[in-house]
Amino acid sequence: MAKLFINNENKKSTIAPEIYGHFSEHLGRCIYEGLYVGEDSDIPNTNGMRNDVVSALKEMKIPVLRWPGGCFADEYHWMDGIGPKNKRKKMINTHWGGVIEDNSFGTHEYFELCRQLGCKTYVNANVGSGTVREMSEWVEYITFNGVSPMADLRKENGHEEPWKLDYIGVGNENWGCGGNMRPQYYADEYRRYQTYIRNYDGNAPITRICCGANSHDYDWTRKVLETCFEASYPHLHGHMDGLSLHYYTLPETEGDWNFKGSATDFTEEVFYQTLKRGSFMEELVTKHGNIMDEFDPEKKIGMMVDEWGIWTDVEPGTNPGFLYQQNTMRDALVAGITLNIFNNHSDRVKMANIAQLINVLQSVMLTDGEKMIKTPTYHVFKMYAAHQGAQLLSSELLEAGTVGSDKNELAKIYESVSEDKDGVITITLTNNSLEAAEDIDVSLTKDADSYNVCEASIVKGTMNAHNTFEAPEVVKEEKFDAIQKVHGGFKITIPACSVASIRIKK
Ligand code: AHR
């Protein structure tokens, strides 16, 4: 039997709601069809945004949405996406399938979508093929409330008031698709670009995100910080507020992007291998975090893991450039493990954006015409939503053992615990075993006997269980009742291959 010790007298960091963030790129059917169908569509919509999708995302409590890419961001020229739609430039989306991008979803549409979702905004500016002027004019267009060429243009295009821009990314993957730059070169460019991110609304500074490393490229992190972080400018946080990190979990061949493996058809060995690779996030966050600590011991700069998730082969018969993949209980476990890791590192991780929101990579929803289904990953995000903005509690799990073997061995249970402003404690758990349930003895250091379960749910199933348009509820959030109140805490029996959320209150 495993033991989970919760010290509810030791509140650690605040779990930034943005850890539960998402990413939407002009890629495949993410923006077009997935989110935006246009005002004239037969699919019920509000100002072109799908009503079914918006309402499910609100229910999941989406906190922030990154846009327009990804690799697309460093080829995106925002002025192509404003003004009358019939006059907007058409372009080839060279990165993703070579399809025509008609720019009908642009800046106005993005801010309208975020308004409907009630979420924070995060635009990624173009450094790879853009200019400082282009980026600074975009910020002016979006945020300036006075008289200026860009503010006037925004008004001409029908939006009198400025929008609130919460985050700006200065380039994307500039070590790769964003210009193939070396760290020192990018870092100097970053310093120059960020200078022109003007804070027009003195009360609402824009969080500036510097392009961070790919996976375990610790050299990138160090070199960028050496150039961009200056302790002598503490009021500027050394020129940046956030440093990104990208890490994708490839199930089959490590590093071989031509053979990533099927989303639904895999062996038990590949299942454990995938979870093990997903759990590598713990090491990445720790090691990149240690380097950040050397420069920024007060942890003023957030680690922004603004792309993560499982990347498999596309579904047979679909456009390879569209990255459309199914989503199983394996995805739910990788999501549950990763979100527990982020919660437990919430002193440093201030945002994370799973890739990508809809119809691309590890999505929370899939669409087919007017049909929409929620994936197992959706249910995990919804079940974990209570952690958003809560205080991480100190917790320790003992005697749970491991699963998988050799290089694929990983902890059987991943957990994190938080307490919200009303004193409700949320415990989230994954059972990574395909065979065995686990009994967990949960104890609390303070007032243990006065707590009762107020809400508990679970997603479970076989390792490749997934939802389809024909059978949309094979994996769904269900009531979880294998919880017993005992003296000093609770006894929980968590079934094999499941993710659970248990909420207790006095
Ligand atoms: O999410 C798909 C792509 O993966 C993004 O465009 C890019 O940033 C990353 O390589």
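Good morning. The domain assignment of this protein, an automatic or database one, gives domain 1 as residues 2-8 + 393-505 and domain 2 as residues 9-392. The contact between them (heavy atoms within 4.5 Å) takes 51 residues from domain 1 and 49 residues from domain 2. Please note that this is a predicted model, in which local features need pLDDT of at least 70 and side-chain atom pairs count only at pLDDT 80 or more, while totals for chains, interfaces and linings use all residues. Residues are numbered from 1 along each chain as its sequence is written, and side-chain values use heavy atoms, with hydrogens and water left out.

The centres of the two domains, taken over C-alpha atoms, lie 28 Å apart.

How much area is buried between domain 1 and domain 2? The value is about 4,000 Å², and carbon and sulfur atoms give 62% of it. Buried area is the accessible area (1.4 Å probe) that two parts lose on being put together, summed over both. On the side of domain 1, Tyr414, Met463 and Phe469 supply 18% of the area buried against domain 2, more than any other three residues.

I turn to the charged pairs. Two salt bridges cross the interface; the term denotes a side-chain nitrogen of Lys or Arg within 4 Å of a carboxyl oxygen of Asp or Glu. Glutamate 419 forms a salt bridge with lysine 11, and their closest N and O atoms are 3.5 Å apart.

Finally, the side of domain 1 that touches domain 2 divides into 17 nonpolar, 23 polar and 11 charged residues, where Ala, Val, Leu, Ile, Met, Phe, Trp, Tyr, Cys and Pro count as nonpolar, Asp, Glu, Lys and Arg as charged, and the others, Gly among them, as polar. Thank you.
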